[in-house]
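Visitor: I have a structure open and would like to go through it with you. Where shall we begin?
Guide: Let us look at it together, starting with one residue.

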Amino acid sequence: MRGYRYYRRPLTRRAAARLLLTLALLALIGMLAVAGMQMKQLLTKLAVTRVTNTVNRIVTQAVNETIDSGEIRYDDLISFEKDNDGKITAVKSNMPEFNRLQSKILNVILERISEVSTRDLSIPLGSLTGTSLLAGRGPLVSVRMQSVGSSTAHLENRFVSAGINQTKHQIFLDVDVSVAILLPGFSTATQVSNAFTVAETVIVGTVPET
């Protein structure tokens, strides 16, 4: 039998150009995929950090303004029941006043969050490459972030020993704000919690002789 030899035909210029173009497209797609992953991670971190800082500032200002205005008064929130000898037998919370303050502070927080819900985030182009040498360098890429928040607030009583037969009564305001952050192509969420002491007093009982 006569043997057969196979010869590889050399690539033509057109075929070589197509091959190079295909490789370039694959490399570009790979770079875009890496940049997309880097952008998503960076955008998520930046958005959560900025939203958290903004919400903390809004909540703190709203509570401090309410306290400074004199609307939170211990005597309006709490009343004492006493026996015939004048000793305190019970501490009663004024729930209508509790609810009024909670609703007012919540309305202020939600109103201010809605005013700053849309923000622009800027990321250096070099940070999208995933290379530490290029991080923070290059022109800025801007994207728009929109946050939608919901919040809850409730006042609670806490009692702490403050000495011999003395009790410190504190009224705390706990504020939880849940924020959904809408970014281009995806979304994320975070929750910001704060606790404030809005009123306190020391309840002095009878000191025993021994």
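## Contacts and core

Visitor: Leaving aside its neighbours within four places in sequence, which residues is I109 in contact with?
Guide: I109 is in contact with I58, V59, A62, S151, V175 and V177 once those sequence neighbours are set aside. Please keep in mind that this is a predicted model.

Visitor: How many residues does the largest nonpolar core have?
Guide: The largest nonpolar core has 32 residues, and I109 and I171 are those with the most contacts inside it.

Visitor: Stepping back, what pattern does the protein chain follow along the sequence?
Guide: Read along the sequence, the pattern is α-α-β-β-α-β-β-β-β, with three helices and six strands in the protein chain. Of the 210 residues in the chain, buried residues make up 26%.

Visitor: Of contacts between residues at least 6 apart in sequence, how many join residues at least 24 apart?
Guide: In the protein chain, 62% of those contacts do.

Visitor: Now strand 6. Is F196 buried or exposed?
Guide: F196, whose place is in strand 6, is buried because its relative accessible area is 13%, under the 20% limit for that class.

Visitor: What does F196 touch, not counting residues up to four places away in sequence?
Guide: F196 touches V59, T60, V63, I171, F172, L173 and V175. The C-alpha atoms of F196 and L173 are separated by 5.1 Å, although the two residues are 23 residues apart along the chain.

Visitor: What about N194: which side chain does its side chain make a polar contact with?
Guide: The side chain of N194 makes a polar contact with the side chain of N56, at 3.1 Å. N194 is placed in strand 6 and counts as buried, at 17% relative accessibility. Apart from its neighbours within four places in sequence, N194 is in contact with N56, V59, L173, D174 and V175.

Visitor: In which sense do strand 5 and strand 6 pair?
Guide: They pair in the antiparallel sense over 18 bridges. Within this pairing, L182 stands opposite S187 in strand 6. The hairpin has two residues between the strands, and G185 takes a positive phi near 90°.

Visitor: And how many bridges join strand 1 to strand 2?
Guide: Five bridges join strand 1 (residues 78-82) to strand 2 (residues 88-93), and the two run antiparallel. S79 has K92 in strand 2 as its bridge partner. This hairpin has five residues between its strands, and G86 in the turn has a positive phi of about 85°.

Visitor: Changing topic to rings: which residues form an aromatic pair?
Guide: Y74 and F80 do, in a tilted arrangement with 6.3 Å centre to centre and 35° between the planes. The structure holds one aromatic pair. Y74 counts as buried, at 12% relative accessibility, whereas F80 is partly exposed, with a relative accessible area of 33%.

Visitor: Which residue lies over the face of F172?
Guide: R158 does, at 3.9 Å from the ring centre.

Definitions and conventions. Residues are numbered from 1 along each chain as its sequence is written. This is a predicted model: local features need pLDDT of at least 70, side-chain atom pairs count only at pLDDT 80 or more; totals for chains, interfaces and linings use all residues. Side-chain values use heavy atoms; hydrogens and water are left out. A nonpolar core is a set of buried Ala, Val, Leu, Ile, Met, Phe, Trp, Tyr and Cys residues joined through side-chain atoms within 4.5 Å. Buried means under 20% relative accessible area, exposed over 50%, partly exposed in between (1.4 Å probe, protein chains only). Contact means heavy atoms within 4.5 Å. Rings of Phe, Tyr and Trp (its six-membered ring) pair if their centres lie within 6.5 Å; planes under 30 degrees apart count as stacked, over 60 as edge-to-face and the rest as tilted. A charge sits over a ring if NZ of Lys or CZ of Arg is within 6 Å of the ring centre and within 35 degrees of the ring normal. Helices (H or I, at least four residues) and strands (E, at least two) are DSSP runs, numbered from the N terminus. A polar contact is a pair of N or O atoms within 3.5 Å; within protein, one must be able to donate a hydrogen and the other to accept it, and residues adjacent in sequence count only if both atoms are side-chain atoms. Two strands pair if DSSP finds at least two bridges between them.
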